[in-house]
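Reader: Before I go through this model, could you take me through a few points that can be checked by eye?

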Amino acid sequence: MTEIVRLENVSKEYALGEHRVHALKNVSFSVDAGVVLAIAGPSGSGKSTLLNLIGLIDVATSGRVVVDGHDISGRTPDELAEMRRRTIGFIFQTFNLFPVLTAKENVEFPLLQRHALTKQERSRRASVALEAVGLTAVARHRPNQLSGGQRQRVAIARALACGPKIVLADEPTANLDHKTGEGILELMKEINRKLHTTFVFSTHDQKVLDFADHYVGMEDGELRFLGLRKDNQWLISDDRRRADRRKGDRRRTVRSADEAPGVRAPEQ
Ligand code: ADP
Ligand code: MG
């Protein structure tokens, strides 16, 4: 498998008044192209920070971030923006749709930055993306005429319209009821299987980990667990003792991610 994202000893600190917050501490992992990866952990564990680094919205304080084969350290904001446009699609917890635009106009919006596209081509791409998420019938509706699940589908269509290699979704189900949230993850998995787009979503909900192929468990800014789903079982490696090789191989198998460690306190 080709690697699409690699983090090497990545740390991120924020200045908060006189204090420094260590949002990420020495995090290393890689993501294979074409997988669905969940970043799991309680509130404040560093999930959004990780997604922002992978999404080229923010830069690491130290360590290396490689996205789609490009080391992104030392890039100018313009270069990062260009790489982001070419490579990344975003989905947010609060959908972030423009209320005055229709579903289709929302999906078309990021395509306006593609100056090489004709108006017809933009429209065609938006229609194809809306169709992929099953929303053709409500293309002319505004967000307030749509349910939460439909809004999140519009956001998925918007992310897909640019043909990104990676779609990043920061707690995409947090504002949805459980069943609707599962529907959204099911849809992402379906699109992933069809288009081979890599999906990375964050969650504090252990129940949804089984929608992922891999998972990264975060605690207090540290990577604590890596999980790999194989034949409907999870192979978990406990990263806590990684430095202590004498403890031997700490891999273990669990039947479902519900039994897996790494996600505890629910987010408020
Ligand atoms: P999560 O998404 O898992 O809830 P975050 O990545 O948002 O976690 O935050 C990780 C830590 O970094 C938290 O302690 C949070 O308060 C802190 N943090 C995040 N963004 C900022 C910021 N812009 N300024 C200061 N601290 C921040
Ligand atoms: Mg967050």
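Reader: In strand β10, which residue is the bridge partner of Tyr215?
Author: This is a predicted model, in which local features need pLDDT of at least 70 and side-chain atom pairs count only at pLDDT 80 or more, while totals for chains, interfaces and linings use all residues. Residues are numbered from 1 along each chain as its sequence is written, with chains lettered from A and ligands numbered from 1 in the order in which they are written. Strand β9 (residues 214-219) and strand β10 (residues 222-230) pair in the antiparallel sense over six bridges, where strands are DSSP runs of E of at least two residues, helices are runs of H or I of at least four, both numbered from the N terminus, and pairing needs at least two DSSP bridges. Within that pairing, the β10 partner of Tyr215 is Gly227.

Reader: Which residue in the hairpin of β9 and β10 takes a positive phi?
Author: The hairpin has two residues between its strands. The one with a positive phi, near 50 degrees, is Asp220.

Reader: In β9, which residue is the bridge partner of Ile39?
Author: Strand β3 (residues 36-40) pairs with β9 in the parallel sense, over four bridges. Ile39 is also in contact (C-beta atoms, placed from the backbone, within 7 Å) with residues including Leu50, Val200 and Met218. Its bridge partner in β9 is Val216.

Reader: How many residues of β9 are buried?
Author: His214, Val216 and Met218 point one way from the strand, whereas Tyr215, Gly217 and Glu219 point the other way. Buried here requires 20 or more other C-beta atoms within 10 Å of a residue's own, the atoms being placed from the backbone (12 or fewer is exposed, and partly exposed lies in between). β9 is largely enclosed by the rest of the structure, because the number of its six residues that are buried is six.

Reader: At what angle do helices α4 and α5 pack?
Author: Helix α4 (residues 119-132) and α5 have axes 8 Å apart, and their contact is made by residues including Ala126 and Ala129 of α4 and Ala157 and Leu160 of α5. Axes are lines fitted to C-alpha atoms over the stretch in contact, and angles run from 0 to 180 degrees between N-to-C directions. The helices are therefore oblique to each other, a class left after under 35 degrees (roughly parallel), over 145 (roughly antiparallel) and 65 to 115 (roughly perpendicular). Their packing angle is about 135 degrees.

Terms used: Two residues are in contact if their C-beta atoms, placed from the backbone, lie within 7 Å. Lists of a residue's contacts leave out its neighbours within four places in sequence.
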